[in-house]
Amino acid sequence: RAIALPLSSKLGVRDKQRPKAQPNPTLETFYSTRCKNPEEGELISLAKQCDLPVRKVEMWFRRRRNTDRPSLSKKFCEACWRFTFYMVSFFTGLAVLYDKPWLWDHRECWTGYPQQPLQPSVFWYYLLELSFYCSLVFTLPFDVKRKDFKEQIVHHAATIFLISFSYCANYIRIGTLVMVIHDASDCFLEPTKIFNYMKWKKTCDSLFMIFSAVFLVSRLLIFPYTVLYNTYYYSMEIFQPFFGYYFMNALLIILQLLHVFWSCLIIHMVYKFILQGTMEKDMRSDTEESDKDEEREKTVEKEKTRVAYFSKVTSNSYIQRNGSEPLNNRTHLTNGHVKER
């Protein structure tokens, strides 16, 4: 709030002016207590109660939902905060692990297990990561729901379980490798969002390509070899499987499945970029369907206006070519009413 919010205005981030919903106690009560996106039957029932067209009721709910959505400046601030954290976390991880033997020789993760001492720097690194992912879970219900909302819940839950269980089972060396690998690509994702909010398209596209390369290499190549292969095969050279072995590997496989899911989305976007030369909207975009409906409505209204104007011009031109005066669009009837012609 103190740094990113003033910075957003200086960098040209402007909040979109959304039309506000008209005050309606009946619809507001339904919105607050029942549902924010009613079904067709509920819309018809509400329209009868309020004596309004169904289309008006649907528009009211769309505008009411848009009112609750976070502004562009707020999303800019959130991206700045996460970028700051991921940068601090990633370089903290490198500073903690650069002189540790298991960073360079992955078999060292199991040397002396389970009697491996916990160093203070590793402890604080663990605490930093655990506190951040716990905060993400607490704020998840209030964040914008993206298309991969369910996958995000699974990812955060698996990450917290992994950090907590690896600490309890003394899988700390493996845990530090997992955290460093994940933070490497996230350092490029958040600045991509920042430049997207600033409308710096070329910079945004360039950063997204860098992020895509780092993500695919770190999550589909380095993570399976450094972590999955390590926990599945190398650990068997030291001890026999036990409950923690199966539980730890199950959580890591869940993470890897999520990596594959997000990688498919990223590859699709990169493929579109290579073919079309432009980056399409993020497939996890927080743009609601209501925004699309709003844009579609504006487009339809513009088309109607153009058609009406074209019809009027052509009609008047035809009449004038035939030597007659153009007719008025409105005529007064004997009963005092006005009739459109």
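**The nonpolar core**

Begin by selecting Trp110, Tyr171, Val227 and Leu252, the residues with the most contacts inside the largest nonpolar core, which has 41 residues. A nonpolar core is here a set of buried Ala, Val, Leu, Ile, Met, Phe, Trp, Tyr and Cys residues joined through side-chain atoms within 4.5 Å. Buried denotes under 20% relative accessible area, exposed over 50%, and partly exposed the range in between, with a 1.4 Å probe and protein chains only. Colour next the elements that each give two or more residues to this core: helices H5 (72-97), H6 (101-104), H7 (120-139), H8 (149-168), H9, H10 (201-232) and H11. H9 provides the largest share, nine residues.

The model is predicted: local features need pLDDT of at least 70 and side-chain atom pairs count only at pLDDT 80 or more, while totals for chains, interfaces and linings use all residues. Residues are numbered from 1 along each chain as its sequence is written, and side-chain values use heavy atoms, with hydrogens and water left out.

**The whole chain**

Zoom out to the cartoon. The protein has twelve helices and two strands, and its pattern along the sequence is α-α-α-α-α-α-α-α-α-α-α-α-β-β. Helices (H or I, at least four residues) and strands (E, at least two) are DSSP runs, numbered from the N terminus. Of the 341 residues, 40% are buried. Among contacts between residues at least 6 apart in sequence, 74% join residues at least 24 apart; a contact is a pair of residues with heavy atoms within 4.5 Å.

**Helices H9 and H11**

Select residues 172-197 (H9) together with residues 243-276 (H11). Their axes come within 13 Å and cross at roughly 10 degrees. This makes H9 roughly parallel to H11. The axes are lines fitted to C-alpha atoms, for helices over the stretch in contact, with angles from 0 to 180 degrees between N-to-C directions. Angles under 35 degrees count as roughly parallel, over 145 as roughly antiparallel, 65 to 115 as roughly perpendicular, and the rest as oblique.

Which residues of H9 and H11 meet? Show the side chains of Ile174, Val178 and His182 in H9, and of Met248, Leu252, Leu255 and His259 in H11. By class, this contact has five nonpolar, two polar and no charged residues. Ala, Val, Leu, Ile, Met, Phe, Trp, Tyr, Cys and Pro count as nonpolar, Asp, Glu, Lys and Arg as charged, and the others, Gly among them, as polar.

Remain on H11 and centre on Leu252. Apart from residues up to four places away in sequence, Leu252 touches Leu162, Val178, Phe223, Val227, Leu228 and Thr231. Proceed to His259, also in H11. Is His259 buried or exposed? His259 counts as buried, with a relative accessibility of 0%. With residues up to four places away again set aside, His259 touches His182, Phe215, Arg219, Leu220 and Phe223.

**Glu190 in H9**

Return to H9 and select Glu190. Glu190 is buried at 3% relative accessible area. Beyond residues up to four places away in sequence, Glu190 touches Ala79, Arg82, Phe83 and Tyr86.

In helix H8, select Phe165. Phe165 is buried, with a relative accessible area of 17%. Not counting residues up to four places away, Phe165 touches Tyr171, Gly244, Phe247 and Met248. Phe165 and Phe247 are 82 residues apart along the chain, and their C-alpha atoms are separated by 9.0 Å.

Ile222 lies in helix H10 and is partly exposed, at 37%. Besides residues up to four places away in sequence, Ile222 touches Ile181, Val217 and Val227. A C-alpha to C-alpha distance drawn from Ile222 to Ile181 reads 7.8 Å, across 41 residues of sequence.

Follow the chain to the loop between H10 and H11 and select Met236. Met236 is partly exposed, at 29% relative accessible area. Met236 lies 9.5 Å from Trp110, C-alpha to C-alpha, at a sequence separation of 126 residues.

**Cysteines**

Finally, select Cys50 and Cys134. Cys50 counts as buried at 17% relative accessibility, whereas Cys134 is partly exposed at 24%. How many disulfides does the structure hold? The structure holds zero, a disulfide being a pair of cysteine sulfur atoms within 2.5 Å.
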